[in-house]
Amino acid sequence: MRYSIITINYNNRDGLRKTIESVVNQSCRDIEYIVIDGGSTDGSVEVIEEYAGKIDYWVSERDKGIYNAMNKGLAQAHGEYLNFMNSGDCFHDNDVLINLPQDADEDIIFGKALRSDGNIWSPAGRMTLYSLCIYGFNHQSAFYKKSIFDTDRYDENLRLLSDWKLTVKCIVADNRTYRVVDNMIAVYDVTGISSLDAGARYREQDIIMKEMFPERIAEDYMFFRRLRSPLLEDIAYLSTRDRLHRIIIKITRLAIRISKKISNQ
C-alpha cells in the first residue's frame, strides 16, 4: 500500500466532512484511510459513520491531545508513506495522490499548500536547520515514510509544534533524505490552533531548540528570532533557495550593527 492518510478530529463536524470527502474522492485507490476522533459530542461521529464504508479504521474516544491522537493513527497505519490531513484541512484536488512522483523513495516528500486566506505556501528548496527554523514547512503537505515511525513518535508533551520537532530531527539530526515537489497538495485552515497563537508557537520552538541542539548550533536561529520581522523573513525565505544564506546572515548582522551605532550617536 502506497499511502496512509490519517485524520484527527475533535468537535469539528463540518471541517471533518470536508476533509473526509477530499480523501475518499481521491482518484488514487492505493490508500488506506484512518480517522481518530477524540470523543466528539457535536455530531462528528455521525459524519464518520456516514462514510464508514470508505474508512479503513476509525475510533472515537477521549485522548490526551492532538499528538496523542496522531500517535494513535500511526499505530494503525500500514502504508509506505503517511500523511496527516486533519479535520478542517483537505487535499487540493482529487488527483493529488496520483500526481505525486511514483518513483519517489525519499524519507519525506514536501509539497505546496493553498492557505484558506488565498495565499500559497511553497516549501524552501533546501531543507536545513536554518530554513526550518525561520520559514518552517507545511505539515499537511508532507508525506513521511512509515519507517521513520519505527523509532520516532510525536512528542505528546508539546502542544503546538511536535510535528516541527520530529521533522527537524529527521532532516537535521538524522540526515534523512527528502524531496521537494512543485505539486499543490493541501488547502489548510489558517485559523487552527497552531496558527492563532504565534507567541506560544515561538516559545515552544525555543524549548525544542534548546532541548535538541547545543547553543552554538542554534545561534543563528536565536539571532533571527530576536529580530523577527517581515523583511527578515523574506530574506530568510530567499536565502533557502541558493547558497548565499551565510553571506546574507553576515550582511544583515553588519547592517544591524551599523544601524545601532547610528542610533546611539
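Me: What should I know about the model and its numbering before I start?
Reply: It is a predicted model, where local features need pLDDT of at least 70, side-chain atom pairs count only at pLDDT 80 or more, and totals for chains, interfaces and linings use all residues. Residues are numbered from 1 along each chain as its sequence is written, and side-chain values use heavy atoms, with hydrogens and water left out.

Me: How many helices and strands are in the protein chain?
Reply: Helices (H or I, at least four residues) and strands (E, at least two) are DSSP runs, numbered from the N terminus. Here the protein chain has 10 helices and 9 strands.

Me: What share of the residues is buried?
Reply: Buried means under 20% relative accessible area, exposed over 50%, and partly exposed in between (1.4 Å probe, protein chains only). Of the 265 residues in the protein chain, 50% are buried. For the surface, accessible areas come from the Shrake-Rupley method with a 1.4 Å probe; for residues, only the protein chains shown count as cover. The chain's accessible surface comes to about 13,200 Å². Carbon and sulfur atoms hold 49% of that surface.

Me: How do I read contacts along the chain?
Reply: Contact means heavy atoms within 4.5 Å. Take the contacts between residues at least 6 apart in sequence: 77% of them join residues at least 24 apart.

Me: Which residues does T7 contact?
Reply: T7 sits in strand β1 (residues 3-9). T7 is buried, at 0% relative accessibility. Leaving aside neighbours within four places in sequence, its contacts include L16, T19, Y33, I34 and M85. T7 and D37 are 30 residues apart in sequence, and their C-alpha atoms are 8.3 Å apart in space.

Me: Which residues touch the most other members of the largest nonpolar core?
Reply: A nonpolar core is a set of buried Ala, Val, Leu, Ile, Met, Phe, Trp, Tyr and Cys residues joined through side-chain atoms within 4.5 Å. The largest one has 66 residues. Y3, F91, L97, F143, Y144, Y154 and W164 touch the most other members. Take L97. Not counting residues up to four places away in sequence, L97 touches Y3, I5, Q26, C28, I31, F91, Q102 and F143.

Me: Which residues of helix α3 are buried?
Reply: First, the general idea. An α-helix has 3.6 residues a turn, so residues three or four places apart point the same way. In α3 (residues 66-76), the buried residues are Y67, N68, A69, M70, N71, G73 and L74. Their cover includes β1, β2 (31-37), β4 (81-84) and α5.

Me: How many bridges join β5 to β9, and how many pair β6 with β9?
Reply: Two strands pair if DSSP finds at least two bridges between them. β5 and β9 run antiparallel, joined by 2 bridges. There, F91 has A186 in β9 as its bridge partner. β6 and β9 pair in the parallel sense, over 7 bridges. I109 stands opposite R179 in β9.

Me: How many salt bridges are there?
Reply: A salt bridge is a side-chain nitrogen of Lys or Arg within 4 Å of a carboxyl oxygen of Asp or Glu. A search of the whole structure finds 14.

Me: Why does the salt bridge of E106 and R179 tie together separate parts of the chain?
Reply: The closest N and O atoms of E106 and R179 are 3.3 Å apart. E106 lies in the loop between β5 (90-91) and β6 (108-115), and R179 in strand β9 (residues 178-188), so the pair ties together parts that are 73 residues apart in sequence. E106 is buried, at 18% relative accessible area. R179 is partly exposed, at 23%. D103 joins E106 and R179 in a network of salt bridges.

Me: Where are the partners E211 and K165?
Reply: Their salt bridge has its closest N and O atoms 2.8 Å apart. E211 is in helix α7 (residues 198-212) and K165 in helix α5, 46 residues apart. K165 is buried, with a relative accessible area of 14%.

Me: Which loop holds N11, and which holds N175?
Reply: Most residues other than glycine have a negative phi. N11 has a positive phi of about 50 degrees although it is not a glycine. N11 lies in the loop between β1 and α1 (13-24), and is partly exposed at 31% relative accessibility. Phi of N175 is also positive, near 55 degrees. N175 lies in the loop between α5 and β9, and is exposed at 64%.
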